[in-house]
Amino acid sequence: MQPLANITPIKPAGAIEVRNVGQIFKTTSQDVVALENVSLDVKPGRFVVLVGPSGCGKSTLLMMMAGLRQQTSGTITISGAPIPQPDPNRVGVVFQEASLFPWLTAEENVEFPLALRGVSKADRRAKAQDALQLVGLDGFGKRHPHELSGGMKQRVSIARGLVQDPPVLLMDEPFAALDEQTRMTMGDELLRIWAATGKTVVFVTHSLTEAVYLADEVIVMSPRPGRIVDHLQVSLPRPRTYEMLSGDAFGSLRDRIWRHIRKSA
Amino acid sequence: MQSALGIKLARLAIVLAIFALWEFLSRTGLVNPRLLPSASDTLVTLGDLLQRAAVRKDLVVTATEVVTAFALAVPIGALIGYLIAENRYFAEVAKPLLFFAFSIPKSIFLPMFILVFGVGFSQKVGFGFFSTIFIVIMSTTTAVESVKVEHLTVARSYGATPMQTAFRVYLPSMLPVLLEALRISMIFNLTGVILAEMYASRDGIGHQIASWGENFQMKQLLAGVVMVAAIAMTFNELVRWVETRCSHWRT
């Protein structure tokens with residue numbers, strides 16, 4: 001055995017690197033610094049939550065990771081390569097509730113990314129079925145979004161994000177519009193899907209409880225200019241349970257995040 | 001199901017009741033039958049009129065004018081509406097002006113159309129076009145604005161080309177609003193063309209209706225009214241039927 005054999009190079013698939021990223025929005029009256037000198041490493045398969053008050057640039061950062069927006073300075077790489085435009089093979093994105101197309105059925109919505117790339121109808125249907133099964137919506141494929149509950153719609157969105165099997169899933173406040181109970185259930189569902197697929201997840205939220213409950217790591221951001229003020233490791237065991245919410249470990253993590261946010265609000 | 005059927009029956013009953021009242025008023029002489037010929041006489045006259053080659057020719061003339069005006073006004077109006085809606089600067093400049101223009105009764109411009117185009121096909125089509133285009137522009141603007149930014153972002157995040165975005169996001173998003181616009185535009189279009197025919201024309205169903213009125217031919221006049229009403233309603237219902245099939249797209 002050579003000693004070098006033990007040093008496996010970091011497999012880049014699913015790794016996210018953010019280096020000294022800045023974002024300046026130019027308006028007619030002045031330039032607004034949305035993000036300043038943000039650096040962040042996400043290892044493959046980790047569940048990372050971005051949290052912070054409105055205007056801290058957490059969604060902007062997520063959109064840049066998705067290739068939907070370009071940073072003013074610095075570099076972002078996904079699976080080892082920059083992302084100058086959206087690349088559905090590397091990144092799946094899940095948006096807020098209103099993002100499903102109401103004129104398509106659930107399975108057609110899931111097939112949408114595949115249809116854009118000219119995948120055959122049979123292949124599309126098979127992959128959509130798998131994705132819908134994964135998110136627990138077996139048998140709901142023929143329904144239109146208006147026939148689905150808010151939680152089910154978000155399951156369809158997640159299936160759509162996963163249908164091309166990208167190593168990274170970016171989620172922009174996906175459960176913000178849901179009621180508290182559905183939100184908790186969807187959190188558990190997401191953790192189940194994450195455990196089953198081993199994706200790297202970056203999840204943006206306003207909710208501190210949701211952040212701690214879901215995350216391996218919580219990145220706390222503050223506004224004006226948007227930057228990272230804390231990076232917490234959540235060492236609570238998995239699977240996460242409802243009982244943990246009232247535990248001391250949970251409470252102290254949430255308090256620590258809250259103190260940062262109160263300071264900047 | 002039963003209540004839906006009940007509602008349909010109630011509607012039918014109202015229509016029948018109106019015809020019955022019409023028949024009753026005329027037959028009993030409560031209203032002078034020379035002013036209001038009975039419903040049955042009117043329907044018989046309508047049947048006779050539809051047999052006449054001259055009336056059919058008038059219908060064809062009117063239909064040609066209506067279709068021509070519509071075929072010009074809808075694409076041109078839609079293009080202008082789209083360009084205005086897609087450009088924030090144009091939208092800010094043009095929108096209030098469109099509202100001003102839309103609020104003016106179009107009929108007051110009819111004499112000018114006659115002076116410019118003379119009496120004939122182009123005057124009627126021109127006026128039909130003029131009556132229609134503002135509502136088309138305004139509706140298209142609304143339709144473009146009804147496309148959700150979220151949907152465009154989704155398409156972009158999954159790598160849609162501009163063509164794919166146009167056909168897979170813009171078009172289906174706009175379709176319900178566009179269908180409604182089409183329906184309402186046709187009402188304006190028909191009104192414009194028939195008004196132009198009634199005011200100054202040598203042919204067309206509007207011209208016929210006006211001359212029947214002037215000659216005190218009440219049966220023919222009422223039959224003409226029923227005819228035009230039926231044609232307008234048929235088109236309207238046809239588009240509405242398509243509309244209801246995609247009504248749940250609106251969210």
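Helices (H or I, at least four residues) and strands (E, at least two) are DSSP runs, numbered from the N terminus. The legends below use that numbering. The model shown is predicted.

**View 1. A:Glu173, a non-glycine residue with positive phi.** A:Glu173 sits in the loop between strand 7 and helix 5 of chain A. Its phi is near 45°. Buried or exposed? A:Glu173 is buried, with 20 other C-beta atoms within 10 Å. The cut-off for buried is 20 or more.

**View 2. A:Asp165, with a positive phi of about 55°.** A:Asp165 is not a glycine either. Its loop runs between helix 4 (150–162) and strand 7 (168–172) of chain A. A:Asp165 is exposed: 12 other C-beta atoms lie within 10 Å. Most residues other than glycine have a negative phi, and most peptide bonds are trans.

View 3. A:Pro225 belongs to the loop between strand 9 (217–222) and strand 10 (227–233) of chain A. A:Pro239 lies in the loop between strand 10 and helix 7 (248–264) of chain A.

**View 4. The largest nonpolar core, of 77 residues.** Which members touch the most others? They are A:Val49, A:Met65, A:Ala159, A:Leu170, A:Val202 and A:Val218. Domain 1 (13–90 + 167–232) and domain 2 (98–165) of chain A both contribute residues, so this core lies between them. Beyond four places in sequence, A:Val202 touches A:Ile16, A:Val42, A:Val48, A:Leu50, A:Leu62, A:Met65 and A:Leu170.

**View 5. Domain 1 against domain 2 of chain A.** The C-alpha centres of the two domains of chain A are 23 Å apart. Their contact draws 14 residues from domain 1 and 12 residues from domain 2. On the domain 1 side, the largest share comes from helix 5 (residues 180–197) of chain A, with seven residues.

**View 6. Helix 1 (residues 58–65) of chain A, mostly covered.** Seven of its eight residues are buried. These are A:Lys58, A:Thr60, A:Leu61, A:Leu62, A:Met63, A:Met64 and A:Met65. After helix 1 of chain A comes A:Gly67, with a positive phi near 80°.

**View 7. Helix 2 (residues 106–116) packed on helix 3 (residues 121–134) in chain A.** The angle is about 120°, and the axes are 9 Å apart. The two helices of chain A are therefore oblique to each other. Their crossing is right-handed. Helix 2 of chain A makes the contact through A:Ala106, A:Glu107, A:Val110, A:Glu111, A:Leu114 and A:Ala115. Helix 3 of chain A answers with A:Arg124, A:Arg125, A:Lys127, A:Ala128, A:Ala131 and A:Leu132.

**View 8. Helix 3 (residues 53–86) and helix 9 (residues 205–214) of chain B.** These helices pack at about 130°, with axes 7 Å apart. Helix 3 of chain B is thus oblique to helix 9 of chain B. B:Val55, B:Asp58, B:Leu59 and B:Thr62 of helix 3 meet B:Ile205, B:Gly206 and B:Gln208 of helix 9.

**View 9. The contact between chain B and chain A.** Chain B gives 16 residues and chain A gives 16 residues. On the chain B side, helix 7 (149–157) and helix 8 (162–199) each supply two or more residues. Helix 7 of chain B has the largest share of that side, six residues.

How values were computed
Residues numbered from 1 in each chain as written. Chains lettered and ligands numbered in written order. Predicted model: local features only at pLDDT ≥ 70, side-chain atom pairs only at ≥ 80, totals over all residues. Core = buried A, V, L, I, M, F, W, Y, C linked by C-beta atoms within 7 Å. Domains from an automatic or database assignment. Contact = placed C-beta atoms within 7 Å. Axes fitted to C-alpha atoms, helices over the stretch in contact; angles between N-to-C directions. Parallel < 35°, antiparallel > 145°, perpendicular 65-115°, else oblique. Left-handed = near helix turned anticlockwise from the far one by under 90°.
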